Amino acid sequence: METSALLRPGDVAEAVDGFLAASPAARAWDVETAFDWAAADAGLLTDGQRSAVRFVTLIEDHLPGYFDVYHRNFPVDDTVDPAVFTHNRELYHFTVRWAAEEDTHARALARYQEASGMAVRDELREELAVEGRKRFDLPYDHPVQFFTYALVQEKATQIYYQQLREVCGDPVLRAVLTRLSRDEARHFSFMADVVGRYLRAYGDTVAEPMRDVIAAFRMPLADTMRGYWRWALKIADVARYDHTDAYEHLIKVIDRAVDAPTRRIDELTAFISRCRALPA
Ligand SMILES: [Fe+2]
Ligand SMILES: [Fe+2]
């Protein structure tokens, strides 16, 4: 990334401080003690709900691939000059914490599958490896694009978990989804903070890169997972799964960050608005 397109390291540090302040250790949770695993029962779920759990387990389990995107695009080593390094080093305080949380999501969902009788651990591990080995990439060249993508993806995931929680029959799964959706909400807030800072620092010069993210948006693994679209449609019967539900939140972030919208900003928000799916 070019230094000229990055936030100042001090700006990143403020966003990271805000994220970590919103995630105190006292409110942290772990897979081992947060849930009554002995009570988990997949018999309380419909076929569709079990299918949704398998789907989101695969998505969360791809964490190594998502984490790697940050290492490749925001390296913390001597391949970047010191100015870029200081930016990337501040960002790393976020990504390493975020990655630990996402990895916990993957473990919580896998544990649910095992404890509820949906899956046998050894078989699940091998099933997850089929998708988990595949490379995940975000082909962006402007830094704001990574944060815009993550903003939409985190909010969409939060919304989906909340909707799935409302309909699912097992209280243990509902408890898991409550924890996960709260974490996704904090991840979204960090991304919203960062995107807002890009807009304030760079004004409408980030409008076009942001537009490109929305124009080509796919949820993680949509391009690599076998049977993704069929599966995504199937789980949408269980609870609405539509990443464009997150777009109104992106528009709010833009509105809040920009006091005097220019033509390019107006075009951006109008475009995002047009990309929203019609309500069912
Ligand atoms: Fe997650
Ligand atoms: Fe997340």
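This briefing walks through the helices, the nonpolar core and a few individual residues of the structure above. The model is predicted, so local features need pLDDT of at least 70 and side-chain atom pairs count only at pLDDT 80 or more, while totals for chains, interfaces and linings use all residues. Residues are numbered from 1 along each chain as its sequence is written, and chains are lettered from A and ligands numbered from 1 in the order in which they are written.

- Helix H6 takes in residues 143-167; helices here are DSSP runs (H or I, at least four residues), and strands are E runs of at least two, numbered from the N terminus.
- H6 has 25 residues and reaches 37 Å from its first C-alpha to its last, close to the 36 Å expected; the expected span is 1.5 Å times one less than the number of residues.
- H6 is largely enclosed by the rest of the structure, because 20 of its 25 residues are buried. A residue is buried if 20 or more other C-beta atoms lie within 10 Å of its own, exposed if 12 or fewer, and partly exposed in between, with C-beta atoms placed from the backbone.
- Helix H2 has 15 residues, and its end C-alpha atoms are 21 Å apart, in agreement with the 21 Å it should span.
- H2 is mostly covered, with 11 of its 15 residues buried; among them are Val53, Phe55, Val56, Leu58 and Ile59.
- The buried residues of H2 pack against H3 (63-73), H4 (82-115), H5 (121-132), H6, H7 and H9 (228-236); contact here has C-beta atoms, placed from the backbone, within 7 Å.

**The nonpolar core**

- The largest nonpolar core has 70 residues; such a core is a set of buried Ala, Val, Leu, Ile, Met, Phe, Trp, Tyr and Cys residues joined through C-beta atoms within 7 Å.
- Tyr112, Phe147, Leu151, Val176, Met191, Val195 and Leu250 touch the most other members of this core. Helix H7 (residues 171-202) gives the largest share of the core, 13 residues.
- Leaving aside residues up to four places away in sequence, Tyr112 touches Ala40, Val53, Val172, Leu173 and Val176.

**Helices packed around H11**

- H10 (residues 247-257) and H11 (residues 263-275) pack at about 165°, with axes 9 Å apart. Axes are lines fitted to C-alpha atoms, for helices over the stretch in contact, and angles run from 0 to 180 degrees between N-to-C directions.
- That angle makes H10 roughly antiparallel to H11; under 35 degrees counts as roughly parallel, over 145 as roughly antiparallel, 65 to 115 as roughly perpendicular and the rest as oblique.
- Residues of H10 that meet H11 include Tyr247, Leu250 and Ile254.
- H8 (residues 207-215) packs on H11 at about 10°, with axes 10 Å apart, which makes H8 roughly parallel to H11.
- Ala207, Met210, Arg211 and Ile214 are the H8 residues that meet H11, where their partners include Arg264, Leu268 and Phe271.

**Residues to look up**

- Asp47 is found in H2 and counts as exposed, with 9 C-beta neighbours inside 10 Å. Its C-alpha is 9.9 Å from that of Ile235, 188 residues apart along the chain.
- Thr95 lies in H4 and is partly exposed, with 18 other C-beta atoms within 10 Å. Thr95 touches Phe67 and Tyr70, not counting residues up to four places away in sequence.
- Leu221 sits in the loop between H8 and H9 and has a positive phi of about 75° although it is not a glycine. With 21 C-beta neighbours inside 10 Å, Leu221 counts as buried.

Notes:
Two residues are in contact if their C-beta atoms, placed from the backbone, lie within 7 Å.
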